Amino acid sequence: MTTSTSAQIGVTGLAVMGRNLARNFARNGYTVALHNRTAARTHALVEEFGEEGIFVPAETAKEFVEALERPRRLVVMVKAGEPTDAVIQEFAPLLEPGDMIIDGGNAHFADTRRRERELREQGIHFVGAGISGGEEGALHGPSIMPGGPSESYDSLGPMLERISAKAADGAPCVTHIGPDGAGHFVKMVHNGIEYADMQLIGEAYQLLRDVGGFTPAEIADIFRTWNTGRLDSYLIEITAEVLSHVDAATGRPFVDVVVDRAEQKGTGRWTVQIALDLGVPVSGIAEAVFARSLSGHAALRDASRELAGPTPTPLGREEAAAFADRVEQALYASKIVSYTQGFHEIAAGSEEYGWDIDLGAVASIWRGGCIIRAAFLDRIRAAYDARPDLPSLLSDATFAEEIAAAQDDWREVLVSATRKGVPTPGFAAALAYYDALRAPRLPAALTQGQRDFFGAHTYRRVDREGSFHTLWGGDRGEVEA
Ligand code: NBP
């Protein structure tokens with residue numbers, strides 16, 4: 001139904017996400033003002049779903065702003081980038097100090113920081129809120145990662161808590177992440193971890209198929225079994241669904257009729273770009289982004305088909321069953337590493353920008369609604385709750401023990417992959433990260449020697465303070481730099 005009652009919240013941008021988010025607010029009892037650049041979308045929403053709650057459709061920006069109670073809460077769900085700036089420019093002059101603009105799009109956190117700064121001068125609270133869960137999540141309860149000023153959360157938080165997903169223990173999947181761009185930063189890393197999770201699952205599938213000799217339907221069953229254990233997660237669950245799906249037109253497994261070129265929208269790439277800036281090794285996420293890029297290079301792949309490789313010889317049935325168990329270990333261990341890397345990036349971002357992000361709370365709000373929701377996140381939360389200054393997830397005794405138990409199988413799986421020529425960049429990067437972290441000595445010492453040799457970049461010694469340079473072109477004596 002529609003009415004002229006003043007609305008507690010407004011949503012502008014009514015494509016799939018905004019439309020479902022607006023319906024979610026309305027279904028939870030809020031009066032929702034509606035606006036879209038093209039008014040037809042506004043009318044369509046009211047026509048189709050008007051009975052779900054109280055909507056106040058507005059044709060113009062002015063009408064929309066006037067429909068909102070004060071302080072105004074205006075959710076922007078438009079295409080990220082220039083459209084977000086265009087909408088802000090349109091609405092900001094109509095707002096008053098204390099009003100809130102909540103950007104629920106996938107904005108780059110640096111844009112969110114800029115927008116927050118500019119709007120703060122006008123007294124407007126700008127909340128960059130990462131929203132995960134796709135269109136279904138937006139409707140039934142997403143995981144929400146709001147940043148921005150903490151005062152805004154006092155008034156906005158309870159509403160977001162009402163519409164958000166709830167974890168199995170009933171906790172809402174939303175928390176105030178931190179000031180300015182903190183929410184969009186965490187959403188970005190969430191997406192990076194999602195890329196890594198999907199890549200690792202893809203590698204497990206490929207190994208089960210090419211080394212284990214299982215059919216897609218059999219692999220679906222293996223994933224279903226895994227989903228009852230420690231890998232219990234939305235992505236494992238939907239993987240089983242996709243693998244068991246049969247193409248109606250050909251009768252072939254669906255996965256065999258889909259072109260094997262993965263697409264991406266950019267948040268995974270940003271995660272890696274920012275990690276490079278912050279100096280955080282997120283090799284698993286990077287491999288996932290690169291794997292998607294490589295898959296898209298059709299001409300390069302075509303030109304490389306004749307390159308030599310081993311002859312694939314699938315295992316016998318009994319061996320294959322044992323191999324599947326080892327793949328589960330490798331997948332789980334690699335997953336621990338990608339979350340370790342992702343949380344390291346969040347901790348580094350928090351430190352760099354002074355956000356004071358509670359890592360346990362981040363794990364907690366990813367337990368429901370979002371794409372990476374998983375039983376495993378409960379354990380991550382427990383690890384950070386027990387020790388908020390945990391240097392790395394791998395320093396948590398439980399995760400360290402689990403990896404210790406998995407490592408032999410993890411290595412074996414990579415040996416099989418290498419022997420059979422199955423690409424497993426995610427598993428391999430995760431293991432290399434693990435081995436590098438635990439190594440007593442790294443070849444970085446040699447790197448420093450090389451740098452000093454060709455560029456006089458100096459080095460530090462293990463036995464004395466200070467910086468040193470060896471006179472490589474002279475008598476090779478050492479001088480203090
Ligand atoms: P889109 O990203 O496809 O954006 C379409 C909306 O943006 C329409 O309402 C469109 O208005 C509006 N818009 C554009 Br385009 N340019 C505009 C401009 N200059 N001024 C005003 N409005 C403009 O929609 P979506 O897929 O619903 O996603 C919305 C946001 O949520 C995006 O930032 C997206 O990254 C993020 N997100 C999406 C998902 C997902 O699963 N789809 C998940 C999580 C986050 P029009 O109707 O007049 O063209």
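Where does D180 lie, in terms of the helices α7 and α8? Here are a few notes on that and on other spots in this predicted model.

1. D180 sits in the loop that links α7 (150-163) with α8 (182-210). Its phi is positive, about 30°, even though D180 is not a glycine. With a relative accessible area of 13%, D180 counts as buried, because the cut-off for that class is under 20%.

2. A456 is another non-glycine residue with a positive phi, near 50°. You will find A456 in the loop between α20 (444-455) and β8 (459-460). A456 is partly exposed, its relative accessible area being 45%.

3. Have a look at the peptide bond from R70 to P71 as well: this bond is cis, with omega near -5°. P71 belongs to the loop between α3 (61-66) and β4 (73-76).

4. Now for the sheet. Seven strands make up an open, mixed sheet, and their order is β3-β2-β1-β4-β5-β6-β7. At the edges stand β3 (54-57) and β7 (143-146); each has a single partner strand, so one side of each lacks a neighbour in the sheet. From one strand to the next, the twist averages 25°.

5. Within that sheet, β4 and β5 (residues 100-103) run parallel and are joined by four bridges. If you want a residue pair to inspect, L74 has I101 in β5 as its bridge partner.

6. Finally, back to α8, the helix on one side of the D180 loop. α8 lies across β5, β6 (125-132) and β7, and runs at about 15° to β6.

Conventions:
Residues numbered from 1 in each chain as written. Predicted model: local features only at pLDDT ≥ 70, side-chain atom pairs only at ≥ 80, totals over all residues. Heavy atoms only, no water. Helix = DSSP H or I, 4+ residues; strand = E, 2+ residues; numbered from the N terminus. Buried < 20%, exposed > 50% of the residue type's maximum accessible area, 1.4 Å probe, protein only. Pairing = 2+ DSSP bridges. Axes fitted to C-alpha atoms, helices over the stretch in contact; angles between N-to-C directions. Contact = heavy atoms within 4.5 Å.
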